[in-house]
Amino acid sequence: MAYSLNKVQLIGNVGKEPELAYSQSGTPYLRFSVATTNSVKDKSGNWKNKTDWHNITVFGKTAESAHKILKKGSKVYIQGRLSNNEYEKDGVKRYTYDIIVSDFNDIVYLDKKDTQNSSDEPTPSAKDEGDDLPF
């Protein structure tokens, strides 16, 4: 039996309000994007920020729970698997890449609690208020 690994981990910010929808069979799913930013040197040797956008899809009860907490701008840790899809539009093959999140433990909310609260603790993960980052 061949073994393989398909795992993606991101820390970034939610790019737009997450959209909750339901499949024809009634399964909830949530779609949103996460932005990650890295510094790269340009041809002149100057450092520039480069932002990458990642499409995230969450299924089931995890989607419904995440929808209640996630907002545009939320800082999150996401763990999932990379899924690629191919389609044709106007005679041109196009490809999309999504990160599929399937477990409640694979989304950790990193936003600080409300600023009137003196605590520097991050907001709770989807699973448990006491969770730490899983790495």
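**View 1. D90 in the loop between β5 and β6****.** D90 counts as exposed because its relative accessibility is 70%, with exposed meaning over 50% relative accessible area, buried under 20% and partly exposed in between (1.4 Å probe, protein chains only). D90 is not a glycine, yet has a positive phi of about 55°. Strands (E, at least two residues) and helices (H or I, at least four) are DSSP runs, numbered from the N terminus. The model is predicted: local features need pLDDT of at least 70, side-chain atom pairs count only at pLDDT 80 or more, and totals for chains, interfaces and linings use all residues. Residues are numbered from 1 along each chain as its sequence is written, and side-chain values use heavy atoms, with hydrogens and water left out.

**View 2. Hairpins of β3 with β2 and β4****.** Strands pair if DSSP finds at least two bridges between them. β2 and β3 run antiparallel, joined by four bridges. Y22 has P28 of β3 as its bridge partner. Five residues lie between these strands, and G26 in this hairpin takes a positive phi near 95°. β3 and β4 are also antiparallel, with 13 bridges. Here L30 stands opposite V58 of β4. Their hairpin has five residues between the strands, and G45 in the turn shows a positive phi of about 90°.

**View 3. S33 in strand β3****.** S33 counts as buried because its relative accessibility is 10%. Leaving out residues up to four places away in sequence, S33 touches N13, V14, G15, K16, W53, H54 and N55; contact means heavy atoms within 4.5 Å. β1 and β3 pair in the antiparallel sense over two bridges. N13 stands opposite A35 in β3.

**View 4. Buried and exposed residues of helix α1****.** Helix α1 covers residues 60-69, with G60, T62, A63 and A66 buried. Seen down the axis, these buried residues fall within an arc of 100°, so they line one face of the helix; the arc is that of the directions from the helix axis to the C-beta atoms. The face turned away from the buried side carries exposed K61 and K68. Cover for the buried residues includes β2, β3, β4 and β7.

**View 5. The largest nonpolar core****.** This core has 17 residues; F32, I56, V58, L70 and I78 have the most contacts inside it. A nonpolar core is a set of buried Ala, Val, Leu, Ile, Met, Phe, Trp, Tyr and Cys residues joined through side-chain atoms within 4.5 Å. Elements giving two or more residues are β1, β3, β4, α1, β5, β6 and β7. Not counting residues up to four places away in sequence, L70 touches V14, P18, L30, F32, V76 and Y109.
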